[in-house]
Amino acid sequence: MEPGPETILIIEDEAPIADIVAYHLEKAGFRVRVAADGASGLARAAEDGVDLVILDLMLPELDGLDVLRRLRNVRNVPVIIVSARDAEADKVVGLELGADDYVTKPFSARELIARVRAQLRRAKAPAQEASRLQVFDLVIDFKAVAVTKKGRPVALTPREFDVLVELARHRGQVLSREQLLGRVWGYGFVGDVRTVDVTVRRLREKVEDDPGAPRIVLTRRGVGYFIPKDEGPGP
């Protein structure tokens, strides 16, 4: 049996915007659900049937950042923030809390749908290599899209998982921020390379014993990031 269309949850309190986004997503072949406040949106986002969340920040009942923070404690579903807040600080905070993308209002329907499809591809793309890869005390399970550390699950966002996988696949090689931005976010991504730094910082907080003195994801100052082939100072 062919799988059904992916389900997109829109958490947006402005009905005209939610209706327009829902219309274009349905026209593109997606199943759409809509929540008009943060509390009900969080409850729906936590359900297994939701494949991706489009999240506004300024919401009644529960602020969008609170929704994102709480959602990341229960699910790693891809989240795209759609907000009128265009300040760099707002984008950084959203990404630090685990958003996978940030789109500023106003936006085109074509751009949003392209970003939705890109996130779904990254979340569901099957691995072509071995089903598992071990990096020090981490085990990366490509089929399950999961990571364990010393046998315990590590809750990574899809973006954090992708960065870890990219570095693990090129173990011992320093990848620049621009390379990671292009390979993980996509070469059509409109954003700053500091987005990579934010994601790496979040990743270290989850996989390192001491994020302040990392031994897995290391920095080559002025160049980029790498995972050393052996524990130690790296290449």
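Visitor: Which strand does β4 pair with in the parallel sense over 4 bridges?

Guide: Please keep in mind that this is a predicted model. Strand β4 covers residues 79–83, and its partner over those 4 bridges runs in the parallel sense. Within this pairing, Ile-81 stands opposite Tyr-102, and the strand that holds Tyr-102 is β5.

Visitor: In what order do the 5 strands of the open sheet lie?

Guide: The edge strands, each pairing on one side only, are β2 (31–35) and β5 (101–104). Neighbouring strands are turned by 20° against each other on average, with direction ignored. The pairing in this open sheet is parallel, and the order of its strands is β2-β1-β3-β4-β5.

Visitor: Which strands does helix α3 touch where it packs on the sheet?

Guide: Helix α3 consists of residues 64–71, and its direction makes about 160° with that of β3. The strands that α3 touches are β1 (7–11), β3 (52–55) and β4.

Visitor: Are α6 and α7 roughly parallel or oblique to each other?

Guide: Helix α6 (residues 158–169) and helix α7 (residues 177–185) pack with their axes 10 Å apart, at an angle of about 120°. Angles from 65 to 115 degrees count as roughly perpendicular and those over 145 as roughly antiparallel, and therefore the relation of α6 to α7 is oblique.

Visitor: How many charged residues are in the contact of α6 with α7?

Guide: From α6 the contact draws on Arg-159, Asp-162, Val-163, Glu-166 and Leu-167, while α7 brings Leu-180, Arg-183, Val-184 and Trp-185. By class, 5 of the residues in this contact are nonpolar and none is polar, and the number of charged residues is 4.

Definitions and conventions. Residues numbered from 1 in each chain as written. Predicted model: local features only at pLDDT ≥ 70, side-chain atom pairs only at ≥ 80, totals over all residues. Heavy atoms only, no water. Pairing = 2+ DSSP bridges. Helix = DSSP H or I, 4+ residues; strand = E, 2+ residues; numbered from the N terminus. Axes fitted to C-alpha atoms, helices over the stretch in contact; angles between N-to-C directions. Contact = heavy atoms within 4.5 Å. Parallel < 35°, antiparallel > 145°, perpendicular 65-115°, else oblique. Nonpolar A, V, L, I, M, F, W, Y, C, P; charged D, E, K, R; others polar.
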